[in-house]
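Hello,

Here is the structure I promised to pass on. My notes on its charged residues follow below.

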Amino acid sequence: MQPQGSLDHGPIHGTTRSRSGSSTEAYSGRRAVPFIALPHRVLSRIFEYLPIPEMLELLNSCRVVRRVMHRLGPSAYAEGHVGDEAYTAAGMRIWRTMIRRIGWRLWHERIRGREKRQRVSVPKSHRMLLKRLCSVEDEAEIVEIIFTEPDLLFKAIFDDLYTDYVAFRSLECGVPEIFTQTVEVKDGGIERRWRSPVELGERLDQLLWFGRGWFTSDAGLINKRIVVAADRFEQMYHDQFKRAFVEGDCALMQRYAGILETIREGSGCLRILIDSHPLFNCNGDLISSSYHKVLSDSSKVTDSYTFDVFLDGMQRVIEEHARVVAAALPPPVLPKSALYYFVQALFSDREGRGIALATLQNLYSHLRSIPVADPSFLLMDVENSLDERGGSDNRVAHARQAVPDEATKDILYLSTVANVVSLLLVASEKWATMEPVSISSELGRRCVFSAFTDVIDDYVQLERRIIERAYGQELDQWAAKIKTRPEFVGGVGSSHLAAAGICGSVDEVGLAPGPADSIRLVNFRHRQQQMDEYKGRVLKVLETKLDISLPPEML
């Protein structure tokens, strides 16, 4: 028995080495690959999963990583080489990974009939930072920089934000540091000056996104302190905006909304406009008649016709909200965002189940709960209603209270949902042409279809039941019709089956064909025999060409 020595890990795949130099592989049959022998694309993928501080230390200390990253060596940047001149494809990928970690998103957009286009999504506050640092605003220019010089882009953002970020290590230094900034004066010098509320909001939002990269070992503590500072700043102007909203002062509302827009994309003031709306905050007798009518029409929806009445009232509410946000919020981005979030809240349950979603769900429940009654009772009910009250409207109203069978109930459900979807799609096109604020038809359709996620499963199951029921009825009718034919009474049809090569009685076979059906069966039998002969010839050719012998059952 060999003495046990201390083991140190060798190459990957679990290989271990003892002091005597012998190696044992934990996974037999696999070739051990040293870490430094891995392909560069694999190493770059591994580096992408490392925390930023460890990855930066690795880039500055490991020669293997340097070979993976640098094309001309670490000194290439000092010599003026940037982008793909200084870094390999793996190195460029790692720089883009650092950019993505601070909230930037890259994706490909494919438009029908056009080539695939690269898109980028950048936080609004970082767009303002790019405009100040390198005068870049257009999306195409940002995409070009990301793919040609991602190192320069990341280093410019890092150098600008890192000082203010690490200043939050101590609250005594962080707060004064964030409220001031260094600017150039006319005589070429620099000085510190106070930031305006808009600039301060932008800076806090930039630091919130920058903190996602975890660029320091104590990033968790720093991020918590930045979040506290941002919350206090936002709450202060949130209260000011709410006070101006209650007083109806549009000028002050636009002023404070312009400050709140710089941090977290203005979600604070958008929340106030939604929470204070009567459809989301009902106050009983204080609600106006127009909103009360919408709520009343919502409770009366039982089909596509009554839903159309409800939709007209909701359309007027949306148009009124568009006028409110246009007066209360600074153009051009914030009013459109406010209108989109309002419509989205109507069709979702994020705000406590919006009125449109609640109406649709009540309609689904009503359609599923319609009773199934005997057709004779339905006919009697319709005749009684015509005799007592008269008129076709009463007949339709009574007939809708029950359906003759399950198939009719399923078809009524699907047709009603289809009509409702058509009405909402028409409404979404109107939202795209509203004045003074509108939302795109694409965003409108997205809001509409978000309310139909519960219907998809029901639709698939109902369609399946309808198809199965229709085929079952057709087969039952065909079987009943065939069994009543005179030529199959008393077993006369067995001769036709024997001619077709089918043994057994009519009941055993499950078919009862007439003369024309027997001819079809004979033709089918002949065609099947031809196919068997063709298969045998093909298999014999394979035996000859490949010099093999096939089992008899295949022949």
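Arginine 169 is partly exposed, at 41% relative accessibility. Partly exposed sits between buried (under 20% relative accessible area) and exposed (over 50%), using a 1.4 Å probe and protein chains only. The side chain of arginine 169 forms a salt bridge with that of aspartate 218, 3.0 Å from N to O. Arginine 169 is in the loop between α7 (150–166) and α8 (171–179), and aspartate 218 is in the loop between α9 (197–210) and α10 (219–247), so the pair ties together parts 49 residues apart in sequence. Aspartate 218 is partly exposed too, at 23%.

A salt bridge here is a side-chain nitrogen of Lys or Arg within 4 Å of a carboxyl oxygen of Asp or Glu. Helices (H or I, at least four residues) and strands (E, at least two) are DSSP runs, numbered from the N terminus.

This is a predicted model: local features need pLDDT of at least 70, side-chain atom pairs count only at pLDDT 80 or more, and totals for chains, interfaces and linings use all residues. Residues are numbered from 1 along each chain as its sequence is written, and side-chain values use heavy atoms, leaving out hydrogens and water.

Now the other salt bridges. The structure holds 13. Glutamate 234 and arginine 264 meet through their side chains at 2.7 Å, N to O. This pair links distant parts of the chain, 30 residues apart: glutamate 234 is in helix α10, arginine 264 in the loop between α11 (250–260) and α12 (267–275). Glutamate 234 is buried, at 11% relative accessibility. Arginine 264 is partly exposed, at 28%.

Arginine 446 bridges to glutamate 442, with the closest N and O atoms 3.6 Å apart. The two are four residues apart in helix α20 (residues 441–450), so about one helical turn separates them. Salt bridges with shared partners also join Arg132, Asp160, Asp164, Arg195 and Arg203 into one network.

Where does negative charge gather in a patch on the surface? At Asp84, Glu85, Asp138, Glu141, Glu144 and Glu149. Patch residues have over 30% relative accessible area and no salt bridge, and like charges are joined within 9 Å. Glutamate 141 lies in helix α6 (residues 139–148) and is partly exposed at 36%.

Finally, the whole chain. The protein chain has 24 helices and seven strands. Of its 555 residues, 36% count as buried.

Best wishes

How values were computed: Patches are made of residues with over 30% relative accessible area and no salt bridge: like charges are joined within 9 Å, nonpolar side chains (Val, Leu, Ile, Met, Phe, Trp, Tyr) within 5 Å. Accessible areas come from the Shrake-Rupley method with a 1.4 Å probe; for residues, only the protein chains shown count as cover. Lys and Arg count as positive and Asp and Glu as negative; His and the chain ends are not counted. The place of a charge is taken as NZ of Lys, CZ of Arg, CG of Asp or CD of Glu.
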